[in-house]
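Please open the model in your viewer and keep the selection tool at hand. The stops below go from a sheet to one of its helices and then to a single residue.

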Amino acid sequence: MTLKDQNVIVTGGTAGIGKAIALHFAKQGANVAIFGTNPERGELVVNEIKEQSSGKVTFTAVDVSKTEKVKVAVDQVLVDFGSIDILINNAGIVRDGLLLRMSEDDWDRVLEVNLKSVYNTCKAVIRPMMKAKKGKIINISSVIGLTGNAGQVNYAASKSGIIGVTKSLAKELAGRNIYVNCIAPGFIETSMTSELNEVVKDEILRNIPLKRIGRPEEIANAALFLASEGANYITGQVLPIDGGMTM
Ligand code: NAD
């Protein structure tokens, strides 16, 4: 197994892409700590992982936008697992609308949950990773962070911000054997995209050369590669997984 005895934190690991990553990493032998806001869904995912894998799995109810709470949650993972080898920053939300009508609260909340969370988790894990002289951080950005999108200035700012953090932190930590990369998913079948109406979905599909929506497992495969030793000459990169949308 690629990740035998590796310890991983997955934020937003109770649904969609994060859940697919948590399941996939657990099957590869990792011990998985899931951070999320929904304890019922957390319990379901923990049970699902326990049925399929033999490693440790925990769920912590924590809003990743809250700096102090994230620090406490990360410290608990260190107590439970002994170290943190891999951090997957996946938690994210949308609050779409044209800037003309976007409330300050919608701007602030998306930036807090999608971008400040990355500051919070990275700040909490890098000291133990530096002590251990190893680590992999994988941030989930979006193609919207590369291209922008009308009606998503807050989301695009947060996802472009994640790319900036990834490249800067990769430079800060390269000498410490800590790798920082990000994945930019295109249009992936999750609850985040299921509410779009058919007209919007058809328009999106027209712009995807592979002519289909992606699956969460396809993002999990890429995360697994970046977390594995096979990716040990890759840092500070953005990997779009988008059916060719951004080529
Ligand atoms: P989702 O809504 O299915 O899952 C998001 C997860 O984040 C949920 O588990 C949710 O509980 C958690 N979360 C939300 N706010 C949180 C908070 N404050 N603290 C902790 N956890 C929180 O969405 P998804 O489609 O699986 O998205 C996962 C990531 O992928 C997001 O960062 C999203 O921006 C990104 N992404 C998704 C797509 C797509 O097409 N679905 C495309 C590009 C990027």
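This is a predicted model: local features need pLDDT of at least 70, side-chain atom pairs count only at pLDDT 80 or more; totals for chains, interfaces and linings use all residues.

Two strands count as paired if DSSP finds at least two bridges between them, and strands (E, at least two residues) and helices (H or I, at least four) are DSSP runs numbered from the N terminus. Residues are numbered from 1 along each chain as its sequence is written.

Select N7 and N31 to begin: N31 is the bridge partner of N7 in β2.

Now show the whole open sheet, whose 7 strands pair in parallel in the order β3-β2-β1-β4-β5-β6-β7. At its edges lie β3 (57-61) and β7 (238-241), each of which pairs on one side only.

Next, select helix α1 (residues 16-27), which packs on the sheet and touches β1, β2, β4 (86-89), β5 (135-140) and β6 (178-185), contact meaning heavy atoms within 4.5 Å.

Finally, go to D242, in the segment after β7. Which residues does D242 contact, leaving aside its neighbours within four places in sequence? They are V143, G186 and I208. The side chain of D242 also makes a polar contact with the side chain of T246 at 2.5 Å (a pair of N or O atoms within 3.5 Å; within protein, one must be able to donate a hydrogen and the other to accept it, and residues adjacent in sequence count only if both atoms are side-chain atoms).

Conventions. Side-chain values use heavy atoms; hydrogens and water are left out. Axes are lines fitted to C-alpha atoms, for helices over the stretch in contact, and angles run from 0 to 180 degrees between N-to-C directions.
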